[in-house]
Amino acid sequence: MSGNNPALAAPAAPREKLKPAGFVAIGLWIAVAAAFAFYFVRAFDVTLIERFGWSYLHGLWVTVSLVGVSFVLGAIVSLPVALGRMASNPIAQGLAFAFVYFFRGTPLIAQIFLFYYGFGQFRGFFETIGLWWFFREAWYCGLFSLALNTAAYQAEILRGAIESVPKGQWEGGRSLGLSRQVIFFKVVMPQAMIVALRPYANEIILMIKASAIVAIITVYDLFGETRQAYSRTYDFQTYVWAALLYLALVEALRHATNWAERRLTRHLKR
Amino acid sequence: MRLAQSFALAAALAGLFAGTAVAQQSDADKDWSKVVIGTEGAYPPFNFLDASGELKGFDVDIAKALCAEMKVECTFVTQDWDGMIPALQNGNFDALVASMSITPEREEQIAFTNKYYQTPPAIAVPKDSEITEATDATLSGKAIGAQVSTTHAQAAAALFPSADVRQYPTAEEYKLDIENGRLDAVMDDVVVLDEWLKSDAGACCKLLSTLTADPAIYGKGVGVGLRKGDDKLKTMLDDAIVAIRENGTYDKIQKTYFDFDVYGKEPAAQ
Amino acid sequence: MNESLTLLGFGSTGWGDDLATGVVVTVTLSLATLPIGLGLGFLLSLAKQSEDRLLKLSADIFTTIFRGLPELLTLFLVYFGVNAALKSLSTATGLPDIALSSFVSGMVALGVVFAAFSSEVFLSAFRAIPHGQREGGMALGLGRAKVMVLVILPQLIKIALPGLGNLWMNLLKDTALVSVIGLADILRQAQVAARVSREPFLFFGTAIALYLVLTILSSIAIGGIDRWTKRGEVAK
């Protein structure tokens with residue numbers, strides 16, 4: 001950095017000038033951390049862990065499984081949507097666009113309410129088509145909303161990644177006499193996936209965060225269990241525990257992504 | 001050096017934050033000419049919003065009568081049930097008139113006036129339900145709906161440990177879900193269930209049985225919630241409750257809602 | 001159908017006026033949060049480029065926390081936690097009580113989340129501006145502040161606009177979460193109407209349609225701003 005070379009620094013700003021911003025900022029964080037530590041030492045209550053420890057772990061498992069399953073389902077749904085977005089057929093294009101716009105342009109929480117409480121109104125209809133067992137359960141409704149929502153986002157990730165692969169890769173494949181399918185799955189997709197790795201990881205992180213909403217439709221995920229614990233004790237540390245668990249989950253995922261990206265792009269490093 | 005300064009600042013701030021958490025204020029020097037009242041607005045017939053968005057209900061009328069009796073100017077704010085006690089503690093409002101039972105668990109957090117009504121809990125089921133009595137065996141594995149962090153939710157979990165108790169943000173949502181057939185039973189105050197069963201929406205269901213309230217869970221009836229330390233306001237409200245009971249205002253209000261006395265038994269002499 | 005129209009109508013039998021006030025609340029909250037998120041995000045992006053390691057670290061901690069927490073949880077932490085802290089502070093110092101309303105809590109919570117994300121957008125926009133621009137400005141004898149306002153900022157806004165546009169859309173949608181702590185926005189009005197009328201599909205569908213209208217209007221506005229910032233390039 002040029003900052004190490006005093007000759008390049010503007011003469012108006014001598015190096016000796018006291019810069020309070022940095023230590024004020026870090027001081028604030030230390031204060032927050034210290035206040036929390038102090039608060040925890042005083043408020044910490046082993047009986048709370050005995051009472052709610054298992055529910056938190058169960059809630060964490062519900063969150064992880066809900067996000068995991070809906071991410072995979074969303075990936076499956078996203079494939080035709082992404083192809084529709086890239087299709088030349090205007091109907092397919094329009095439908096795919098409408099799907100993506102609907103799910104990305106409205107709040108997930110409103111979608112969940114619509115699918116849970118709104119669909120509940122049409123019990124008769126769902127019973128005739130034999131799907132009521134699915135929409136009867138809050139967990140499935142949450143899964144349904146999350147999967148369709150992430151499908152819309154994943155479709156755009158997938159489209160962007162596929163379009164980022166140069167045309168020459170297709171042409172090269174064709175000149176080798178490969179079929180379109182083989183080129184798509186063996187040549188284009190592996191390259192697209194490297195580009196898409198980070199956006200996909202970000203999408204999972206966004207889903208983990210967004211999934212907290214299902215607590216409002218009686219699914220006891222991590223956030224739902226937290227609200228339960230809080231409403232029984234009015235002890236604020238119940239929320240702090242949840243915050244720490246969510247942060248740990250998200251940070252673990254982010255570091256895993258960084259590691260995976262470094263490994264997968266080893267061959268691209270010069 | 002800089003880090004040392006940070007720590008000094010941090011320590012000062014942390015001290016300011018944490019050193020004060022339990023200090024309690026007395027309201028001796030407050031004149032209480034204006035009181036902000038918090039209620040839920042989703043618990044008919046006790047408190048609800050009508051189509052024009054106006055607050056109505058027994059709680060609301062009683063609160064207005066108490067304010068008139070105390071010659072105090074009252075304003076109402078609505079607050080979701082599960083944030084009711086923190087909102088009172090944080091000063092979003094001064095008195096909580098929302099059909100909250102005076103329980104030992106809540107008395108650790110806030111103060112209450114004497115009760116202003118007391119009605120027993122009950123269970124309702126769909127009209128075509130096979131459940132004929134409310135026992136743990138008959139409700140085993142069944143989905144029971146109740147409002148989150150209420151005495152009813154707590155009692156349902158205690159009385160029917162093998163049932164699947166689901167907690168909803170408001171009473172209206174569990175009603176929607178039993179009307180849709182997502183729930184096998186719901187548990188709440190008998191007056192609340194009765195009001196709903198008499199309406200068109202409640203045509204789906206019938207009252208299964210009225211239960212005896214366990215004082216360990218249900219406490220001493222429904223009172224006005226106050227911050228601890230607001231003793232002056234508590235005395236004013238307690239006197240006003242006695243006054244409106246004696247001057248006939250209470251009876252006039254309850255006759256517009258109920259055809260029996262919701263006050264319950266006179267509290268035992270203390 | 002007629003029944004639905006009555007329910008959505010204005011006046012005492014319909015919920016149209018309530019939904020309309022909900023739209024006003026949603027838009028007001030988004031617009032009120034935006035300057036906080038942009039201002040704080042910009043300062044954070046400056047801190048992240050700073051040579052001061054402590055300042056950089058502080059900004060990174062901020063981003064890590066508020067990018068990693070669920071927005072709903074951040075909202076609860078502010079609404080319950082900050083309020084409780086304020087209460088104990090006012091009790092200790094004898095100052096009058098300040099309780100954050102759900103609107104202000106929403107503003108604070110969504111503002112810090114917006115700032116955490118926008119700081120990254122600003123940071124990459126800063127990196128996209130060649131060093132020569134700053135040096136050129138300095139060579140012309142402009143002060144640091146003038147270089148920032150006259151040379152760097154106009155280019156920064158142009159580069160950051162698509163990213164900020166996305167964040168604005170997220171903000172608009174995230175305001176729906178504030179309904180959970182009691183703000184009478186579009187979603188909450190729809191919820192109340194759905195409870196009372198027993199028509200959840202109609203009202204949540206209407207709410208979703210209203211959000212769609214807001215996002216479509218936003219895309220049009222952002223497109224307009226985008227063209228405006230690029231007006232210099234059209235002449236080429």
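The questions and answers below go through some of the terms used for this predicted model and the values behind them.

This is a predicted model in which local features need pLDDT of at least 70, side-chain atom pairs count only at pLDDT 80 or more, and totals for chains, interfaces and linings use all residues. Residues are numbered from 1 along each chain as its sequence is written, chains are lettered from A and ligands numbered from 1 in the order in which they are written, and side-chain values use heavy atoms, with hydrogens and water left out.

Q: What makes B:Cys67 and B:Cys74 a disulfide?
A: A disulfide is a pair of cysteine sulfur atoms within 2.5 Å. The sulfur atoms of B:Cys67 and B:Cys74 are 1.9 Å apart, so the pair meets that limit.

Q: Why is the disulfide of B:Cys67 and B:Cys74 called left-handed?
A: The torsion about its S-S bond is about -85°, and the disulfide is therefore left-handed.

Q: How do you know that a disulfide joins B:Cys204 to B:Cys205?
A: The S to S distance is 2.3 Å, and the limit is 2.5 Å. The torsion about the S-S bond of B:Cys204 and B:Cys205 is about -90°, so this disulfide is left-handed.

Q: How many disulfides are there over all chains, and what pattern do those of chain B follow?
A: A search of the whole structure finds 2. With bonded cysteines counted along the chain, the pattern in chain B is 1-2, 3-4.

Q: What makes A:Glu50 exposed?
A: Its relative accessible area is 60%, and the cut-off for exposed is over 50%, so A:Glu50 qualifies. A:Glu50 lies in helix H2 (residues 46-86) of chain A; helices (H or I, at least four residues) and strands (E, at least two) are DSSP runs, numbered from the N terminus.

Q: Why does C:Leu202 count as buried, and what does it touch?
A: C:Leu202 has 18% relative accessibility, which is under 20%, so it counts as buried. Contact means heavy atoms within 4.5 Å. Not counting residues up to four places away in sequence, C:Leu202 touches A:Gln121, C:Ser4, C:Leu7 and C:Leu8. C:Leu202 is found in helix H9 (residues 200-229) of chain C.

Q: Why are H2(B) and H10(B) called roughly antiparallel?
A: Angles run from 0 to 180 degrees between N-to-C directions, with axes fitted as lines to C-alpha atoms, for helices over the stretch in contact. Angles under 35 degrees count as roughly parallel, over 145 as roughly antiparallel, 65 to 115 as roughly perpendicular and the rest as oblique. The axes of H2 (residues 58-70) and H10 (residues 249-257) of chain B come within 10 Å and cross at roughly 160°. The two helices are therefore roughly antiparallel to each other.

Q: Which residues make the contact between H2(B) and H10(B)?
A: H2(B) supplies B:Phe58, B:Asp61, B:Ile62 and B:Ala65, while H10(B) supplies B:Thr249, B:Tyr250, B:Ile253, B:Gln254 and B:Tyr257.

Technical notes: Buried < 20%, exposed > 50% of the residue type's maximum accessible area, 1.4 Å probe, protein only.
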